[in-house]
Each structure stands twice: as C-alpha cells, then as structure tokens.
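Q: I would like to learn how to read a protein model, feature by feature. Where do we begin?

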Amino acid sequence: MKYGGTNMQDARAVRHSASLAARSIREGVKVVVVVSAMAGVTNQLLKLADAAQSGDIASANDEIAAMRTRHFTAAQELGAAPDSDTVREIREMHETLRQAVYGVYLLRELTPRSRDLIVAFGERLSAPLMKLALEQDGLRAHHLSGGEAGIVTDTHFGNARPLPGTYERIKDRLSGLLSAGVTPVVAGFMGETEKGAITTLGRGGTDFSATIIGKALSATEVWGWKDVDGVMSADPRVVADARNVDILSYGEVMELAYFGAKVLHPLAVTPLQESGIPLRLKNSADPDFAGTLVQAEPRDEAGHPVKAVTAIRNVSIINVSGAGVLGIPEVIASVFDAIARENVTLLMVSQSSSMSNVSLAVQTVDAERTLNALRAGVSLELKVEQQDHVAVLAIVGSGMRGQKGVSARLFTALAAADVNILMISQGSSELNVSVAVEAEHVDEATRAVHAAFNLGKPVTA
C-alpha cells in the first residue's frame, strides 16, 4: 500500500491512512506500507536547497524550522511523548538535514547527489510518523529508508533506476519482518547506490518504490491510495464531467502517466509487467470504491476507442531546421546524441517529410539545456529555435488500434474549438495520439476533445 502526500499531510491524515492498512492487516493480509513526504514538503526541501546554494542560509534555516515544527506537531498529535524514539529520530534527522544544507551553503554548490540527499528527507521523516500511527492502532511496525528496505540503484542521481539485485535484496530484508507479524513502513521515492549514497527515483517515485517492492515480494496486488477515485477520463479541475476509468492496461496507464496524468510515476508499472501483478488505484476518502484496476490486458469498451485525455503543461518546442541536411543519418544521430548527453526527456518528436525540419517537445525547464546542447553538438548549418508557452495534449486508449476516424474526431474537435495545432505525433503502438497546442488554449482543447469522444458518459463493456 502506497500513500501519497495528501494522505500523509498531517496527523489526522496519517492516522486515517494507518487505519486503512490496519483494516487489511486484521483481515489476515500481509501489508507493506510505502509512504510519501507530507504534502508540500518535497517542494519545500527543493526550495531550501536552492536558497542555501544562493547564499540565503537564513531563509533555508527558516524553512527547516517550519518543517521541524510541522513534523513534531504531527508526532505529538499521534501520541508521541517528548522523550519518545519517534521525536528523537525526527529531531536527529532535522539536525542532519541542517548540516547537509549548511554544507551546500558553504560550498555554494548543489550537486545532483547533495540534492537527492536533501530532498529524500521528506519521505524519511514521514516513515516514523506512519510507524507510530500503526503502533497506536495496536499493530507492530518497523520503518526503513528505501536503501534499508533493499532498493539499490545506479548512480543517476535525481532519476535513479533499480539494479537487478534489488528484488532479491528486498525479499531478504522484508520477508522476515512480515513472517514475524511486523508491518514494514518504507520511505518511498528513494534508494541508495551500492556504496550507500542516497538516490531518488524521480518525482512521483513513491509509486515506483511500491511497485518495485510489490514485484520483489510477489504481491497479490499493489494498492496506490490517492485523494481521487483512481484514474479519471480527464483532469476533473478542468472537465466537470470527468469520470473514473475502472480498468486500464499497463500500456494505457503508462501513456497517461507519461503525458501528464498525475496518477503514477511513468515507470511505476514496469516492475509489475513481467509478473502480471495488478495495480489498484483507490481513493482514501472512499475506501470501499473499487477505483481503477491496472492489469495486463486492456478492456475494449464499445464506442470508446479513447479512455482518457490528458495534458502536459509548461512545454517548449525546439525546432531544428536546415535545407535538406536532416536527411543525412549522421546529422539526425547527432541531434539525439546531444539530447541524450544532457539526459533530457523528449515528450514528442516530429519530422517533416522533406527532412528539412525536426521538432522536439521538451519540458520548459529543460529547454535551455536542450538548446545549448544542440547548438554545441550539431552542424553549424542547422538553425535551432525555441518556442515557449506550449502544452501537449494526448488521447490514450487501446481501442484506437486499427480504429478508423479517431484522429479525424480529435482534429475536428480542436478545429471547432478554434485551437491551433503546432505539432502532431503518433506512435506505432496506436495507444496515443498527441498534439502540441498553445498553452493558453489547453483547457479549452481538453474539454472539447473529452466531449468529442463522449468520455463523460458511462461505458458498456
């Protein structure tokens, strides 16, 4: 069971989350709990790390003090005495955090490695609170960092991947606790290198932690507790009649996660695919609601080739152009090599049939790095330009495969809403069609496409 930030945001939320785990445990289910940082804490940690790097140690210390008060208050409200192990651990972790931040301040240097060390404190501070809540509910529990639980990763700080030996190591470390009737509480989002340096798995990585552990222990299911009813057909804040999608395939949910649906880490289902372990996304406010079941096979829905529409905001398009020169394979290779060296994720790629232009959609935060890498790494004959204030809208559904007229409905809906398309991309898997549009029109575009595919109406199998 994985709990997101809103399910860990204060003592009341932690207590409720613990009660959800306790309910299953009392029914005889062995549960591993994986926790996120309290809501907002990860951003707070990133902010104070940047403040220390810029020399504003007073601001960084203020943020640490506010976080310490928040965690102490939660511990106290959960029943921890001032001299308890939980309070002592939280105090010691905040002191270690303060020292790490002061090191950044002294060096005026924030490396990916030190950023990971700092940002992982959010989950490390949540785990003792969940352990305390479970114990107050009459259960035995033991909390561990991701590394202590057995998640060993490569050294790609900020976006680390588990090494092959991780699964056996997790099984060795957690099976004994479960057999002894102790519930492991694991700090999500993080692992450690073979030398013991803390790494993080990328934003949303607590989902990834949970599915890695699920695979290692051959779990019956992995449950992700959210503050929504599972995966929705669109962002309910944008589309009033967005509905829950009850069944998705691994492929469909990966596409949705990749294209901005904030339900899962894009790689979260990959550990489950080989073993066929289902993933269930449930609403902690309505635990009896089935939520969304993610499984190996898609379910065909009559008249619904598209399951959902989603959008990525804060996108930039990088256009690389030059008269016919992109037809030379080495030049195209140099474009992608330059981007790979910067470890930039491409959201969309589109090339003109004349081979004189290739367009790349990237997150705006990566645009300057991408631009500089291309200008340094490709032929001087090529022109490299950046277009900001863009969003990528994607429709996702296995029913699009072989279905005629899907793209026509998409483009007709966008045209009717007077939305200009900047770029188009479709993969050969036919699980998605994505378009880049001007950012100011993305909400309007989302509503128009949702309505065009009748996604607000109940489906029939």
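A: We begin with how elements are named. Helices and strands are DSSP runs, numbered from the N terminus; a helix is H or I with at least four residues, and a strand is E with at least two. Keep in mind that this is a predicted model.

Q: Give me a case. In which helix does Lys131 lie?
A: Lys131 lies in helix α6.

Q: Is Lys131 buried or exposed?
A: Buried means under 20% relative accessible area. Lys131 has 18% relative accessibility, so it counts as buried.

Q: What does the side chain of Lys131 pair with?
A: The side chain of Glu135, through a polar contact of 2.9 Å. Leaving out residues up to four places away in sequence, Lys131 touches Ala141, His142, His143 and Val185.

Q: Let us follow His143. Where does His143 lie?
A: In strand β3, residues 141–144. His143 counts as buried because its relative accessibility is 14%.

Q: Which residues does His143 touch, beyond those up to four places away in sequence?
A: Glu89, Ala127, Pro128, Lys131, Glu148 and Val185. With Glu89 there is a side-chain polar contact of 2.8 Å. For Val185, compare sequence with space. His143 and Val185 are 42 residues apart in sequence, and their C-alpha atoms are 4.4 Å apart.

Q: Now strand β11. Is Ser316, in that strand, buried or exposed?
A: Strand β11 spans residues 308–321 and holds Ser316. Ser316 is buried, because its relative accessible area is 0%.

Q: Which side chains make polar contacts with Ser316?
A: Thr364 is joined to Ser316 at 3.0 Å, side chain to side chain. Asp388 is joined to Ser316 at 2.6 Å, again between side chains. The residues that Ser316 touches, beyond four places in sequence, include Leu360, Val362, Ala367 and Gln386.

Q: Next, nonpolar cores. How many residues has the largest one?
A: The largest nonpolar core has 57 residues. Tyr3, Val33, Leu45, Val101, Ile118, Met130 and Leu134 have the most contacts inside it. Elements giving two or more residues to this core include α1 (11–26), β2 (33–35), α4 (85–107), α6 (121–136) and β4 (183–187). Apart from this core lies another, of 37 residues, with Ala149, Phe208, Ile212 and Ile213 among them.

Q: How is empty space found?
A: Rolling a probe the size of a water molecule over the atoms shows where empty space is left. Here there is 1 cavity of 30 Å³ or more. The largest cavity has a volume of about 40 Å³.

Q: What lines the largest cavity?
A: Lys2, Asp207, Ala210, Thr211, Val222, Trp223, Gly224, Leu264, Leu279 and Leu281. By class, that is 6 nonpolar, 2 polar and 2 charged residues. At least two lining residues come from each of α9, β7 and β9 (279–283).

Q: And pockets? What is the volume of the second largest pocket?
A: About 510 Å³. It is lined by 22 residues, and Lys30, Val31, Val32, Ala219 and Glu221 are the closest to its centre. The elements giving two or more residues to this lining are α8 (166–179), α9 (205–216) and β7 (222–226). The lining has 12 nonpolar, 6 polar and 4 charged residues.

Q: Last, the backbone. What should I expect of phi?
A: Most residues other than glycine have a negative phi, and most peptide bonds are trans. Phe189 is not a glycine, yet has a positive phi of about 75°. Phe189 is found in the loop between β4 and β5 (190–192). With a relative accessible area of 5%, Phe189 is buried.

Q: Where is Asn454, and what is its phi?
A: Asn454 is in the segment after α15 (442–452). Its phi is positive, near 55°. Asn454 has 31% relative accessibility, so it counts as partly exposed.

How values were computed:
Residues are numbered from 1 along each chain as its sequence is written. This is a predicted model: local features need pLDDT of at least 70, side-chain atom pairs count only at pLDDT 80 or more; totals for chains, interfaces and linings use all residues. Side-chain values use heavy atoms; hydrogens and water are left out. On a 1 Å grid over the protein atoms alone, a cavity is a set of points where a 1.4 Å probe fits but cannot get out, and a pocket is an open set with protein on both sides within 12 Å along at least five of seven lines; lining residues have an atom within 4 Å of a point. Grid points are joined across faces, edges and corners, and a volume is the space filled by probe spheres set on the points. Ala, Val, Leu, Ile, Met, Phe, Trp, Tyr, Cys and Pro count as nonpolar, Asp, Glu, Lys and Arg as charged, and the others, Gly among them, as polar. Buried means under 20% relative accessible area, exposed over 50%, partly exposed in between (1.4 Å probe, protein chains only). A polar contact is a pair of N or O atoms within 3.5 Å; within protein, one must be able to donate a hydrogen and the other to accept it, and residues adjacent in sequence count only if both atoms are side-chain atoms. Contact means heavy atoms within 4.5 Å. A nonpolar core is a set of buried Ala, Val, Leu, Ile, Met, Phe, Trp, Tyr and Cys residues joined through side-chain atoms within 4.5 Å.
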